[in-house]
Amino acid sequence: VIPYEIYVSSQITCNKTGLRIVGLNNKISRIISSAPGKTLHIEPLYNGSPYTNVAYCKFYMDNIAIIAEGVAQSTGTGIYLKWIYASSFLNLMTLGFKKHIVLRGSHLNTFYNLFQGNYNTDIQGIEIHNRGVGLSADALLDVAGESTSNNNHIVGGWINNTSWDLRGMPGTIVEMIDIEPASNTFYTGDNAIFKDCRIERMDLYALQG
(Lines give C-alpha, C1' and ligand atoms only; values in the text may rest on other atoms or scores of the structure.)
Protein backbone atom coordinates (compact mmCIF):
# COMPACT_ATOMS: atom_id res chain seq x y z
CA VAL A 1 0.00 0.00 0.00
CA ILE A 2 1.28 3.43 -0.94
CA PRO A 3 -0.71 5.96 1.11
CA TYR A 4 1.16 9.15 0.17
CA GLU A 5 4.01 10.36 -2.04
CA ILE A 6 7.25 8.45 -2.36
CA TYR A 7 10.35 9.56 -4.24
CA VAL A 8 12.61 7.25 -6.23
CA SER A 9 15.84 8.02 -8.06
CA SER A 10 16.70 4.60 -9.51
CA GLN A 11 14.95 1.55 -10.96
CA ILE A 12 12.64 -0.60 -8.84
CA THR A 13 12.45 -4.21 -10.09
CA CYS A 14 9.67 -6.65 -9.24
CA ASN A 15 10.08 -10.35 -10.11
CA LYS A 16 7.15 -11.53 -7.97
CA THR A 17 3.89 -12.71 -9.47
CA GLY A 18 0.49 -11.71 -8.14
CA LEU A 19 1.79 -8.54 -6.50
CA ARG A 20 -0.73 -5.74 -6.01
CA ILE A 21 0.39 -2.13 -5.53
CA VAL A 22 -2.50 -0.15 -4.08
CA GLY A 23 -2.97 3.55 -3.45
CA LEU A 24 -5.73 5.64 -1.86
CA ASN A 25 -6.27 7.48 -5.14
CA ASN A 26 -4.01 8.73 -7.92
CA LYS A 27 -4.08 12.31 -6.62
CA ILE A 28 -2.56 11.33 -3.26
CA SER A 29 -0.67 8.07 -3.80
CA ARG A 30 2.12 9.13 -6.12
CA ILE A 31 5.49 7.68 -7.09
CA ILE A 32 7.64 10.63 -8.12
CA SER A 33 10.64 9.51 -10.15
CA SER A 34 13.91 11.13 -11.16
CA ALA A 35 15.26 7.81 -12.49
CA PRO A 36 17.04 8.30 -15.83
CA GLY A 37 15.96 4.84 -17.10
CA LYS A 38 13.04 2.70 -15.96
CA THR A 39 11.15 3.56 -12.80
CA LEU A 40 9.23 0.29 -12.39
CA HIS A 41 10.46 -2.87 -14.13
CA ILE A 42 7.85 -5.61 -13.69
CA GLU A 43 8.96 -9.10 -14.80
CA PRO A 44 7.55 -12.16 -12.97
CA LEU A 45 10.12 -14.97 -12.75
CA TYR A 46 10.16 -18.51 -11.40
CA ASN A 47 13.63 -19.76 -10.46
CA GLY A 48 15.07 -17.05 -12.65
CA SER A 49 12.99 -17.93 -15.72
CA PRO A 50 9.73 -16.48 -17.06
CA TYR A 51 6.51 -18.26 -16.19
CA THR A 52 4.97 -20.29 -19.01
CA ASN A 53 1.58 -20.62 -17.32
CA VAL A 54 -0.50 -17.51 -17.99
CA ALA A 55 -2.37 -17.86 -14.69
CA TYR A 56 0.79 -17.09 -12.70
CA CYS A 57 2.11 -14.09 -14.65
CA LYS A 58 -0.14 -11.54 -12.99
CA PHE A 59 0.45 -8.09 -11.55
CA TYR A 60 -2.02 -5.49 -10.30
CA MET A 61 -1.83 -1.75 -9.76
CA ASP A 62 -4.74 0.28 -8.36
CA ASN A 63 -5.10 4.04 -7.80
CA ILE A 64 -1.47 5.06 -8.32
CA ALA A 65 0.16 7.99 -10.11
CA ILE A 66 3.72 7.76 -11.45
CA ILE A 67 5.21 11.16 -12.19
CA ALA A 68 8.49 12.13 -13.82
CA GLU A 69 10.70 14.94 -12.64
CA GLY A 70 14.14 16.09 -13.73
CA VAL A 71 16.01 13.77 -16.06
CA ALA A 72 13.12 11.25 -16.10
CA GLN A 73 11.19 13.71 -18.25
CA SER A 74 13.75 13.51 -21.05
CA THR A 75 15.03 9.91 -20.76
CA GLY A 76 12.83 7.97 -18.33
CA THR A 77 10.32 5.13 -18.70
CA GLY A 78 7.54 5.04 -16.13
CA ILE A 79 6.51 1.34 -16.22
CA TYR A 80 8.19 -1.46 -18.17
CA LEU A 81 6.02 -4.61 -18.26
CA LYS A 82 7.72 -7.81 -19.42
CA TRP A 83 5.96 -11.19 -19.68
CA ILE A 84 2.83 -9.89 -17.97
CA TYR A 85 -0.43 -11.74 -18.69
CA ALA A 86 -4.06 -11.10 -17.73
CA SER A 87 -3.14 -8.31 -15.31
CA SER A 88 -5.14 -5.20 -14.48
CA PHE A 89 -4.31 -1.56 -13.86
CA LEU A 90 -7.06 0.55 -12.30
CA ASN A 91 -7.07 4.36 -12.22
CA LEU A 92 -3.41 4.55 -13.25
CA MET A 93 -1.96 7.97 -14.00
CA THR A 94 1.42 8.55 -15.67
CA LEU A 95 2.78 12.03 -16.23
CA GLY A 96 5.83 13.55 -17.86
CA PHE A 97 7.93 10.57 -18.98
CA LYS A 98 9.63 10.19 -22.35
CA LYS A 99 7.99 6.74 -22.41
CA HIS A 100 5.09 6.24 -20.02
CA ILE A 101 4.21 2.52 -20.34
CA VAL A 102 6.19 0.00 -22.41
CA LEU A 103 5.04 -3.61 -22.87
CA ARG A 104 7.25 -6.49 -23.97
CA GLY A 105 5.74 -9.88 -24.66
CA SER A 106 2.74 -8.93 -22.49
CA HIS A 107 -0.73 -10.11 -23.45
CA LEU A 108 -4.37 -9.85 -22.37
CA ASN A 109 -3.82 -7.01 -19.90
CA THR A 110 -6.48 -4.43 -19.10
CA PHE A 111 -6.09 -0.76 -18.17
CA TYR A 112 -9.25 0.69 -16.59
CA ASN A 113 -9.28 4.49 -16.55
CA LEU A 114 -5.81 5.23 -17.89
CA PHE A 115 -4.75 8.86 -17.52
CA GLN A 116 -1.63 10.08 -19.34
CA GLY A 117 -0.18 13.51 -20.00
CA ASN A 118 2.94 15.57 -20.47
CA TYR A 119 4.09 18.98 -19.43
CA ASN A 120 5.03 21.83 -21.72
CA THR A 121 7.72 19.87 -23.48
CA ASP A 122 8.87 22.80 -25.56
CA ILE A 123 10.96 23.52 -22.47
CA GLN A 124 11.75 19.91 -21.53
CA GLY A 125 13.00 18.92 -24.98
CA ILE A 126 11.47 15.45 -25.12
CA GLU A 127 12.40 13.96 -28.47
CA ILE A 128 9.44 12.17 -30.02
CA HIS A 129 7.08 14.80 -31.39
CA ASN A 130 8.20 16.90 -28.44
CA ARG A 131 5.64 15.03 -26.36
CA GLY A 132 6.84 11.57 -25.32
CA VAL A 133 5.09 8.24 -25.90
CA GLY A 134 2.26 7.25 -23.56
CA LEU A 135 1.86 3.61 -24.60
CA SER A 136 4.09 1.40 -26.75
CA ALA A 137 5.59 -2.06 -27.15
CA ASP A 138 9.27 -2.96 -27.13
CA ALA A 139 10.02 -4.40 -30.57
CA LEU A 140 13.25 -6.14 -29.52
CA LEU A 141 13.20 -9.94 -29.42
CA ASP A 142 13.63 -11.38 -25.95
CA VAL A 143 14.58 -14.88 -24.78
CA ALA A 144 11.07 -16.19 -25.36
CA GLY A 145 10.95 -14.74 -28.87
CA GLU A 146 8.23 -12.27 -27.94
CA SER A 147 8.42 -9.19 -30.12
CA THR A 148 4.80 -8.08 -29.70
CA SER A 149 2.20 -7.62 -26.97
CA ASN A 150 -1.14 -8.97 -28.13
CA ASN A 151 -4.79 -8.36 -27.29
CA ASN A 152 -4.47 -5.75 -24.57
CA HIS A 153 -7.49 -3.65 -23.58
CA ILE A 154 -7.70 0.02 -22.53
CA VAL A 155 -11.07 1.19 -21.19
CA GLY A 156 -11.80 4.74 -20.10
CA GLY A 157 -9.64 7.71 -19.17
CA TRP A 158 -7.93 10.55 -21.00
CA ILE A 159 -4.78 10.99 -23.02
CA ASN A 160 -3.40 14.50 -23.25
CA ASN A 161 -0.30 15.94 -24.85
CA THR A 162 1.35 12.59 -25.56
CA SER A 163 1.49 9.98 -28.35
CA TRP A 164 0.79 6.26 -28.66
CA ASP A 165 2.60 3.70 -30.80
CA LEU A 166 0.59 0.48 -31.02
CA ARG A 167 2.45 -1.04 -33.98
CA GLY A 168 3.90 -3.73 -31.70
CA MET A 169 0.50 -4.26 -30.03
CA PRO A 170 -1.81 -6.07 -32.49
CA GLY A 171 -5.39 -6.63 -31.41
CA THR A 172 -5.42 -3.70 -28.97
CA ILE A 173 -8.94 -2.59 -28.03
CA VAL A 174 -9.44 1.03 -26.95
CA GLU A 175 -12.82 2.11 -25.56
CA MET A 176 -14.33 5.28 -24.13
CA ILE A 177 -11.16 7.35 -23.95
CA ASP A 178 -10.89 11.10 -24.42
CA ILE A 179 -7.84 11.60 -26.67
CA GLU A 180 -7.13 15.29 -26.92
CA PRO A 181 -3.45 15.93 -27.46
CA ALA A 182 -2.07 18.83 -29.45
CA SER A 183 0.23 18.02 -32.39
CA ASN A 184 0.61 14.35 -31.54
CA THR A 185 0.67 11.06 -33.42
CA PHE A 186 -1.17 7.79 -32.89
CA TYR A 187 0.17 4.74 -34.70
CA THR A 188 -2.22 1.81 -34.65
CA GLY A 189 -1.32 -1.87 -34.74
CA ASP A 190 -2.90 -4.59 -36.84
CA ASN A 191 -6.52 -5.31 -35.94
CA ALA A 192 -6.68 -2.45 -33.45
CA ILE A 193 -10.22 -1.42 -32.50
CA PHE A 194 -11.35 1.98 -31.24
CA LYS A 195 -14.88 2.22 -29.79
CA ASP A 196 -16.72 5.28 -28.48
CA CYS A 197 -13.57 7.41 -28.27
CA ARG A 198 -13.40 11.18 -28.49
CA ILE A 199 -10.43 12.20 -30.65
CA GLU A 200 -9.54 15.70 -31.82
CA ARG A 201 -6.76 18.20 -32.57
CA MET A 202 -4.19 15.73 -33.87
CA ASP A 203 -1.71 16.13 -36.69
CA LEU A 204 -1.67 12.43 -37.53
CA TYR A 205 -4.27 9.90 -36.39
CA ALA A 206 -3.32 6.44 -37.62
CA LEU A 207 -0.86 4.53 -39.77
CA GLN A 208 -0.84 0.80 -40.57
CA GLY A 209 -3.75 -1.57 -40.17
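Which residue in S18 is the bridge partner of Asp-165? It's Tyr-187. This is a predicted model, where local features need pLDDT of at least 70 and side-chain atom pairs count only at pLDDT 80 or more, while totals for chains, interfaces and linings use all residues. Residues are numbered from 1 along each chain as its sequence is written, and side-chain values use heavy atoms, leaving out hydrogens and water.

**View A. Seven strands line up in an open, parallel sheet.** Their order is S2-S5-S10-S12-S14-S16-S18. Strands here are DSSP runs (E, at least two residues), numbered from the N terminus, and two of them pair if DSSP finds at least two bridges between them. S2 (12–14) and S18 (186–187) sit at the edges with a single partner strand each, so one side of each has no neighbour in the sheet. S16 (residues 163–165) is joined to S18 by two bridges.

**View B. Phe-59, Phe-89 and Phe-111 make one aromatic cluster.** Rings of Phe, Tyr and Trp (its six-membered ring) pair if their centres lie within 6.5 Å; planes under 30 degrees apart are stacked, over 60 edge-to-face, the rest tilted. Phe-59 and Phe-89 have centres 6.0 Å apart and planes at 45°, so they're tilted. Phe-89 and Phe-111 are stacked, because their centres are 4.7 Å apart and their planes at 15°. Both Phe-89 and Phe-111 are buried (under 20% relative accessible area, 1.4 Å probe, protein chains only).

**View C. Arg-167 lies over the face of Tyr-187.** The distance to the ring centre is 4.0 Å. For this, CZ of Arg (or NZ of Lys) must be within 6 Å of the ring centre and within 35 degrees of the ring normal.

Note on methods. Helices (H or I, at least four residues) and strands (E, at least two) are DSSP runs, numbered from the N terminus. Buried means under 20% relative accessible area, exposed over 50%, partly exposed in between (1.4 Å probe, protein chains only).
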